[in-house]
Amino acid sequence: NLNISIDSYTSFVKHLESSTRILALLGAGLSAASGIPTFRDAGGFWREHDATQLATPEAFAKDPSLLWQFYNYRRHCALKAVPNRAHVALAKLAAKKSEYLAISQNIDGLSEQAKHPPRNLQLVHGSLFNVKCTNSDCIFLETGNFADPIVPALELTEQYNISDARFPLKDIPKEDLPHCPKCRSLLRPAVVWFGEPLERSAIDRIHHWLDVGKVDLMMVVGTSATVWPAANYIHAARIAGARIAVFNTEKPGMDDDAAMGLREQDWFFEGDAAATIPDTFK
Ligand code: BJW
């Protein structure tokens with residue numbers, strides 16, 4: 001039951017199939033159909049907390065017990081979630097088009113689970129399954145830690161079922177939160193919080209990709225494009241000649257200054273990305 005014209009869909013698929021250099025910017029809406037909450041709409045609250053207020057170094061410094069309960073819960077949900085039709089279709093597109101690059105703001109690991117080739121997937125906000133030391137003199141980083149719970153104190157039980165806001169959170173002593181095996185300082189999720197720089201290697205890789213030349217198509221999937229520098233890659237692709245295709249449940253502002261200000265030659269596909277992303281690559 002989608003309000004999408006066949007002509008517009010056909011013209012998009014034709015352009016997609018003939019495109020060589022395709023960039024995609026992926027956001028939380030891509031995983032919405034897999035049951036992962038987004039940040040800035042109805043899903044943007046965890047219990048009484050605004051998720052964007054929790055995603056800061058200040059919130060972690062103030063209350064590491066709260067933050068670890070938030071991230072351990074999200075690890076638990078992401079581990080139970082299954083990639084949806086859009087994750088799979090994009091993974092197939094990536095396997096088919098060697099010059100495709102997906103920039104994912106998502107930390108849930110669902111594109112990876114859908115077998116998106118790593119060579120054309122660039123995470124920019126880290127991963128729920130990577131942890132690093134909070135001590136800036138220690139370089140400990142662990143990738144691919146899928147333990148659930150990450151430490152015994154965070155184990156979800158019938159008595160501590162924090163998916164239900166009526167269950168109280170715990171005040172977990174620091175010594176029971178995840179610790180660095182090297183220096184014993186607190187560990188933290190290796191995600192990018194507000195005010196923190198993105199990994200240099202991620203930025204460099206995207207810039208090198210953009211420097212190669214013309215971009216045929218920019219796909220903007222399930223993101224509000226309000227967070228920088230990620231949102232700026234839409235603009236960079238436009239400057240490099242790309243036509244833009246937006247897949248979102250809500251129409252972006254038509255203001256030219258907005259990251260997604262759409263033009264005549266662009267496409268907007270309204271609805272759940274899991275239903276609107278074409279699955280044309282077998
Ligand atoms: C569907 C759907 C369905 C729903 N199908 N669609 C003023 C101006 C410009 C910039 C700044 C400024 N003040 C501060 C800044 C910088 C700041 C920033 O951008 N702030 C803005 C909020 C203004 N950026 C930063 O701080 C970044 N770092 C930085 O700039 O460093 C500079 C620096 C250099 C040197 C030294 C020090 C610093 C870092 C940003 C990190 C963002 N991190 C987070 C949290 C990650 C960890 C975690 O998850 O807990 O990343 S915030 C959060 O937002 C998360 C997301 O990846 C990111 C983007 O959100 P996304 O994916 O777009 O989700 P939503 O919810 O916003 O949108 C979902 C969309 O899907 C909606 O449009 C729905 O309609 C749609 N949708 N269901 C299709 N089924």
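Ala 245 sits opposite Trp 267 of strand 11, a strand that pairs in the parallel sense with strand 10 (residues 243-248) over four bridges. Strands here are DSSP runs of E with at least two residues, helices are runs of H or I with at least four, and both are numbered from the N terminus. Two strands count as paired if DSSP finds at least two bridges between them. The model is a predicted one, so to speak of local features pLDDT has to be at least 70, while side-chain atom pairs count only at pLDDT 80 or more and totals for chains, interfaces and linings use all residues. Residue numbers start from 1 along each chain as its sequence is written.

Strand 6 (residues 126-133) and strand 7 run antiparallel and are joined by two bridges, and Val 131 stands opposite Glu 142 of strand 7.

The protein chain is assigned two domains, domain 1 (1-36 + 83-125 + 198-282) and domain 2 (37-80 + 126-191), with bounds that come from an automatic or database domain assignment. Their centres, taken over C-alpha atoms, are 28 Å apart. Across the boundary, 11 residues of domain 1 are in contact with 11 residues of domain 2. The side of domain 1 that touches domain 2 has five nonpolar, five polar and one charged residues; Ala, Val, Leu, Ile, Met, Phe, Trp, Tyr, Cys and Pro count as nonpolar, Asp, Glu, Lys and Arg as charged, and the others, Gly among them, as polar.

As for the ligand, both domain 1 and domain 2 give residues to the shell around it, so the ligand lies between them. The shell holds 34 residues, of which the closest are Gly 27, Gly 29, Phe 39, Gln 105 and Ser 224; a residue is near a molecule if its C-beta atom, placed from the backbone, lies within 6 Å of it. By class, the shell divides into 16 nonpolar, 13 polar and five charged residues.

Another site comes from the UniProt record, an unreviewed entry, where the annotation "binding site" covers Cys 133, Cys 138, Cys 180 and Cys 183. UniProt positions follow the numbering used here, feature names are shortened, and annotations may be inferred rather than shown by experiment. Cys 138 is found in the loop between strand 6 and strand 7.

A few backbone details turn up in other loops. The peptide bond from Asp 148 to Pro 149 is cis, with omega near 5°, and Pro 149 falls in the loop between strand 7 and strand 8. Trp 228 and Pro 229 are also joined by a cis peptide bond, with omega about 5°; Pro 229 lies in the loop between strand 9 (217-221) and helix 8 (232-239). Lys 115, a residue other than glycine, has a positive phi near 70° and lies in the loop between helix 6 (110-113) and strand 5 (121-123).

Notes
Contact = placed C-beta atoms within 7 Å.
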